[in-house]
Amino acid sequence: SRWLGAVLQRRIAHTELLTLLGPAEAPLARLNDRYRWHMLLKAASSRALHQCLKDALAAAHQDREQLQGARISVDIDPVTFL
């Protein structure tokens, strides 16, 4: 989560349209023997949000060794963070 958070932070550093909160432990930090973290990416426009996510996920795909054994889930407009 720290690596992906750093990737997102680098992508949004030059724009004021996006804000990253986290990464932080999820309220249910361990579930089914897996540790869970979450991040919240806030954007002024959906276009900026989608482009940032697209770029970050492409970087994650290219640098797979940083994410061995990790799962990434994206929830647009989350209702809850549990």
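The residues that line the largest pocket divide into 23 nonpolar, seven polar and six charged, where Ala, Val, Leu, Ile, Met, Phe, Trp, Tyr, Cys and Pro count as nonpolar, Asp, Glu, Lys and Arg as charged, and the others, Gly among them, as polar. This is a predicted model, in which local features need pLDDT of at least 70 and side-chain atom pairs count only at pLDDT 80 or more, while totals for chains, interfaces and linings use all residues. Residues are numbered from 1 along each chain as its sequence is written, and side-chain values use heavy atoms, with hydrogens and water left out.

Rolling a probe the size of a water molecule over the atoms shows where empty space is left. A pocket here is an open set of points, on a 1 Å grid over the protein atoms alone, where a 1.4 Å probe fits and which has protein on both sides within 12 Å along at least five of seven lines; its lining residues have an atom within 4 Å of a point. The largest pocket holds about 1,200 Å³ of space, a volume being the space filled by probe spheres set on the points, which are joined across faces, edges and corners. Its lining comprises 36 residues, and Trp37, His38, Met39, Ile72 and Ser73 are the ones that lie nearest its centre. Helix H1 (2-12), strand E1 (18-31), strand E2 (34-43) and helix H2 (46-62) each supply at least two residues of this lining, and E2 provides the largest share, nine residues. Helices (H or I, at least four residues) and strands (E, at least two) are DSSP runs, numbered from the N terminus.

In soluble globular proteins, nonpolar side chains tend to be buried together. A nonpolar core is a set of buried Ala, Val, Leu, Ile, Met, Phe, Trp, Tyr and Cys residues joined through side-chain atoms within 4.5 Å, and buried means under 20% relative accessible area, exposed over 50%, and partly exposed in between (1.4 Å probe, protein chains only). The largest such core has 13 residues, and those with the most contacts inside it are Leu8, Ile12, Leu18, Leu20, Leu41 and Cys52. H1, E1 and H2 are the elements that give two or more residues to this core, with H2 giving the most, six residues. Leaving aside neighbours within four places in sequence, Ile12 is in contact (heavy atoms within 4.5 Å) with Leu18, Thr19, Leu20, Leu41 and Cys52.

Where does the backbone call for a closer look? Within strand E1, which contains Pro23, the peptide bond from Gly22 to Pro23 is cis, with omega near 10°. In the loop between E1 and E2 lies Asn32, whose phi is near 55°, a positive value in a residue other than glycine; Asn32 is exposed, with a relative accessible area of 71%. Asp33 has its place in the loop between E1 and E2, and its phi is near 60°, a positive value in a residue other than glycine.

Side chains of opposite charge can pair when their charged atoms come close. A search of the whole structure finds one salt bridge, defined as a side-chain nitrogen of Lys or Arg within 4 Å of a carboxyl oxygen of Asp or Glu. Arg30 forms a salt bridge with Asp33, the closest N and O atoms being 3.1 Å apart. Arg30 is partly exposed, at 49% relative accessible area, whereas Asp33 counts as exposed, at 62%.
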